[in-house]
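This report is written for a reader who is meeting the structure for the first time.

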Amino acid sequence: MLTESGKLEPTEELLAEFAAKNEELESATPEEIIAWAAERFGTKLTMGTAFGPEGCTILYMLSKIAPETPVFNLDTGYQFRETLELRDRIAKELGIEVELLKPELSVEEYEAQTGGLPLYKTNPTQCCLDRKITVLKRGAEGKHAWISAIRRDQSEDRARAPIVGWDKKFGLVKVNPLANVTKSWVWKLITDHDIPYNPLHDQGYTSIGCWPCTRAVAAGEDERAGRWSGFAKTECGLHTLDDDSK
């Protein structure tokens, strides 16, 4: 159901539709899931990417299935140079221009609020809220659904992710076409089709976010161990499910 402003409302009928579709898509391929989302939501579909290997594979599939889908990146101001250079390669090689959504305050203005001491050193959760979550909510205006690149085997929280479901936090339908695939599946697709990826992955960075909160991981560590190292934090908040209605 749509409101007068055109926003999608999670009515019982709509939630029932997505619950049934979620069950149906459990055995579908990522390409089939993306094709369904593009047909179901059309111009109201968007994708958010941090240019991880998973996101790069989805961009590759979008370039074949629905290249007109708008894609955005949350440019916190703390991204690695290699990440921004990858954005340019994606545009050149896959033909997809990824829009950079920026917070209202620059890094300098933001850090000035705390006397020059970056919040990522003392309160990374607040930093993520201000420079990611808030920005995504602004970027989601006018959209009905967004594609994410999470895999269920990445973390305990992501293990509960549906293929398609209502994302209460952002007021959107969230589509996870890679929920059932593995890390090795992702990298095989990248290798087989020469999909552009972040060169930092070749230097031990298994999961890449903002440079102050990302490090390379050691052998045997979890693939997300390099994110917010030293804090009891493994997610920025974009993909936590505690507030989601399934």
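In this predicted model, helix 3 is mostly covered, with eleven of its 13 residues buried. The helix runs over residues 53-65 and reaches 18 Å from its first C-alpha to its last, which is close to the 18 Å expected at 1.5 Å a residue. Among the buried residues of helix 3 are Gly 55, Cys 56, Ile 58, Leu 59, Leu 62 and Ser 63. The partners against which the buried residues of helix 3 pack include both helices and strands: helix 2 (30-41), helix 4 (81-94) and helix 8 (183-193), together with strand 1 (45-48), strand 2 (71-74) and strand 4 (145-147).

On the side of helix 3 the contact is made by Pro 53, Glu 54, Thr 57, Tyr 60 and Met 61, while helix 8 contributes Trp 185, Val 186, Trp 187, Leu 189, Ile 190 and His 193. Sorted by class, this contact of helix 3 with helix 8 has eight nonpolar, two polar and one charged residues.

A second pair is formed by helix 1 (residues 12-25) and helix 2, whose axes come within 12 Å and cross at roughly 155°. An angle over 145 degrees counts as roughly antiparallel, and helix 1 and helix 2 are therefore described as roughly antiparallel to each other. Helix 1 passes helix 2 in a right-handed crossing. From helix 1, the residues Leu 14, Glu 17, Phe 18, Lys 21 and Leu 25 meet Ile 33, Trp 36, Arg 40 and Phe 41 of helix 2. By class, the contact of helix 1 with helix 2 has six nonpolar, no polar and three charged residues.

**Individual residues**

| Residue | Relative accessibility | Class |
|---|---|---|
| Phe 51 | 1% | buried |
| Asp 194 | 64% | exposed |
| Glu 82 | 17% | buried |
| Cys 213 | 13% | buried |

Phe 51 is placed in the loop between strand 1 and helix 3, and its phi is near 65°, a positive value in a residue other than glycine. Asp 194, which lies in the segment after helix 8, has a phi near 50°, again a positive value in a residue other than glycine.

Leaving aside its neighbours within four places in sequence, Glu 82 is in contact with Asn 198, Pro 199 and Leu 200.

Cys 213 has its place in the segment after helix 8. When residues up to four places away in sequence are not counted, Cys 213 touches Tyr 120, Gly 226, Arg 227 and Trp 228. How far is the C-alpha atom of Cys 213 from that of Tyr 60? The two C-alpha atoms are separated by 27 Å, and the residues are 153 residues apart along the chain. Tyr 60 belongs to the buried residues of helix 3 and takes part in the contact with helix 8.

Definitions and conventions:
Residues are numbered from 1 along each chain as its sequence is written. This is a predicted model: local features need pLDDT of at least 70, side-chain atom pairs count only at pLDDT 80 or more; totals for chains, interfaces and linings use all residues. Side-chain values use heavy atoms; hydrogens and water are left out. Helices (H or I, at least four residues) and strands (E, at least two) are DSSP runs, numbered from the N terminus. The expected span of a helix is 1.5 Å times one less than its number of residues. Buried means under 20% relative accessible area, exposed over 50%, partly exposed in between (1.4 Å probe, protein chains only). Contact means heavy atoms within 4.5 Å. Axes are lines fitted to C-alpha atoms, for helices over the stretch in contact, and angles run from 0 to 180 degrees between N-to-C directions. Angles under 35 degrees count as roughly parallel, over 145 as roughly antiparallel, 65 to 115 as roughly perpendicular and the rest as oblique. A crossing is left-handed if the near helix is turned anticlockwise from the far one by less than a right angle, and right-handed if clockwise. Ala, Val, Leu, Ile, Met, Phe, Trp, Tyr, Cys and Pro count as nonpolar, Asp, Glu, Lys and Arg as charged, and the others, Gly among them, as polar.
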